[in-house]
Amino acid sequence: MTVAAARVPAASTPSFIGGMSRRAKVIWTRRLVLLGLVVAFEIYARFIGNPRLFSPPSAIVYALFDEILVDPRIRGAIYQAFTEVLVAYVMAIIIGLVVGLSVGWSNFGRRSFYPIVILLYAIPQVILLPLFVLTFGIGPACKIAFGVSHGIFPIIVNVVAGMRNVNALYLRSASSMGASNFDLARHVYFPHMVPSLFAGLRLGMTLTLLGVILAELYVSTGGIGYWTKLYAETFDPAPLFALIAVLAVMAILLNELVRIAERRFTRWRN
Amino acid sequence: MSESTPFRAAAAGRPVAISIRNVSQRFGDAGSPNEVVAVDDMSLDVRRGEFVCLLGPSGCGKSTLLNIVGGLFPATDGVVMVGDKPVKGPLPRDISFVFQESTLFPWYTIRENFDVAFKFQNVAKSEWASRTKQALEAVNMGAFIDHYPNQLSVGMRQRVNLARGIALGTDIILMDEPFAALDEQTRMVLGEDLSELLAKTGKTIVFVTHSLAEAVFLSDRIFVMTARPGRIKSIIEVDEPHPRSPDFMLTPKFSELRNQAYALLRDEVRQAIALAREAEAAHA
């Protein structure tokens with residue numbers, strides 16, 4: 001092959017796909033799939049589906065800016081839901097860590113308390129929602145409490161799991177240097193359980209959100225649950241989907257936050 | 001060699017750094033069939049600046065004894081005194097450990113590992129950087145201060161681990177088979193480095209090993225232990241000043257001491273193997 005001949009194909013690659021790196025291909029494929037789904041949804045909703053149940057994405061976007069985000073009552077409800085999720089999540093993390101650390105600290109603790117945690121985890125909490133309402137009323141406290149009750153379990157379970165199999169030599173070495181129990185938790189147990197902990201934190205986040213939204217749907221007088229129910233019952237799908245989209249964005253945002261934190265704490269693995 | 005005094009003779013006149021009196025350690029419930037006597041009524045003194053080796057077959061309780069001396073767990077019976085203090089828990093100001101495998105935390109860089117060790121030990125923050133640098137340079141690892149342990153070879157890691165033990169600045173260092181995971185050659189070189197470091201710093205060292213050559217090369221006194229339950233079978237004195245050069249290993253004195261240690265150890269190793277086999281049969 002001559003030099004000139006070899007150069008020709010490299011110089012003339014007009015094909016869009018051919019010129020991309022593997023990573024770019026992956027990203028574009030992903031985007032195309034999403035775009036395809038949106039288009040399919042648009043066509044289905046416009047020409048085939050029942051307009052009382054489905055709404056084309058274009059109408060949803062319109063409803064988002066025309067009905068949802070301009071209404072101060074709905075904006076307030078979104079803000080309130082977000083606050084509830086955030087407060088519930090922070091509480092779930094704190095309680096989950098404290099309970100998880102104390103249960104997982106010793107073999108004795110794990111064997112005594114862990115089965116109880118698992119037992120409680122197995123109960124579908126929805127059936128306890130009326131009790132939450134009776135205890136905490138119908139305001140934000142009830143939603144936060146219900147969110148916490150969902151969020152703590154995966155955190156506890158993963159913290160306990162993460163604390164197992166800590167290299168005993170690390171603990172012994174740290175103790176010999178004078179490490180306190182707090183030092184052991186901070187510098188040995190915590191870094192060791194980071195991968196497991198973050199799996200728990202992410203699951204906990206999803207479940208906290210679920211708990212809050214569930215409570216919102218069942219007992220709400222003007223919260224995000226009230227509006228969701230209102231739109232669903234009046235067969236007004238566009239603002240309903242718009243509201244759902246807002247919740248989805250909320251979930252993605254929180255998930256990203258957890259992911260960034262995770263990356264920060266697992267730098268040493270790479 | 002005439003200008004340096006023999007090490008043992010010098011150590012003999014020094015005060016006792018560690019005194020072990022009638023220490024026993026049993027695991028399992030007393031009197032039950034699963035009771036194991038790991039250490040049986042051991043007494044010995046280690047003088048200041050002395051390098052003492054516990055040599056014995058696997059499972060003879062030498063690591064157990066080391067952990068008791070370091071206060072990592074209490075003895076079933078007996079007393080350990082460090083200076084004039086009875087050991088009741090870790091004494092981070094007096095004793096540091098260097099363990100078998102590298103116990104550097106993989107999630108921290110070398111620098112962070114040293115920092116956290118100083119923090120545990122309550123060293124003033126102003127000293128951290130200089131002590132870390134000095135210790136790492138002593139083992140020729142200064143260039144790796146910002147590496148994570150996983151980025152280093154096993155030998156380099158153990159070098160750093162050794163440096164950490166020294167940086168902690170305690171008078172006593174307990175070493176639990178620190179070179180066990182290393183290949184023969186790295187082990188030799190690290191042994192030489194250790195001998196040199198010790199001659200410079202005058203630390204008191206108790207070293208657990210089952211390598212005969214290592215024991216003879218490094219120790220002032222070797223305590224040969226029996227198979228389980230661990231007792232002192234015999235004491236071998238190695239009358240050779242530190243730092244010891246690798247040439248020491250070529251001398252007839254070295255081979256003689258090594259053979260002497262092996263003769264003492266041979267029966268115990270056989271017995272330890274028999275014990276292990278018995279235990280296995282009992283489980284089957």
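Visitor: How many residues of chain A are in contact with chain B, and what makes this a contact?

Guide: In chain A, 17 residues are in contact with 24 residues of chain B. Contact means heavy atoms within 4.5 Å, so these residues are counted for having heavy atoms within that limit of the other chain. This is a predicted model, in which local features need pLDDT of at least 70 and side-chain atom pairs count only at pLDDT 80 or more, while totals for chains, interfaces and linings use all residues. Residues are numbered from 1 along each chain as its sequence is written, chains are lettered from A and ligands numbered from 1 in the order in which they are written, and side-chain values use heavy atoms, with hydrogens and water left out.

Visitor: What is the area buried between chain A and chain B?

Guide: About 2,000 Å², with 68% from carbon and sulfur atoms. It is called buried because it is the accessible area (1.4 Å probe) that two parts lose on being put together, summed over both. Of the area that chain A buries against chain B, A:Tyr170, A:Met177 and A:Trp268 supply 37%, more than any other three residues.

Visitor: Why are B:Lys119 and A:Asp183 said to meet in a salt bridge?

Guide: A salt bridge needs a side-chain nitrogen of Lys or Arg within 4 Å of a carboxyl oxygen of Asp or Glu. Here the N to O distance is 3.9 Å, and the residues are a Lys and an Asp, so the pair qualifies. The rule finds one salt bridge across the interface of chain A and chain B.

Visitor: Which element gives the most to the side of chain A that touches chain B?

Guide: Helix 8 of chain A, with seven residues. A helix is a DSSP run (H or I, at least four residues), numbered from the N terminus. Helix 8 spans 168-176, so its length meets that rule.

Visitor: How do you know where domain 1 and domain 2 of chain B lie?

Guide: Their bounds come from an automatic or database domain assignment. Domain 1 of chain B is 7-94 + 172-283, and domain 2 is 105-169. Their centres, taken over C-alpha atoms, are 25 Å apart, and 15 residues of domain 1 are in contact with 13 residues of domain 2.

Visitor: What makes B:Arg159 and B:Asp193 a salt bridge?

Guide: An Arg nitrogen and an Asp oxygen lie 3.0 Å apart, so the pair is within the limit already given. Across the interface of these two domains of chain B, the rule finds one salt bridge.

Conventions
Helices (H or I, at least four residues) and strands (E, at least two) are DSSP runs, numbered from the N terminus.
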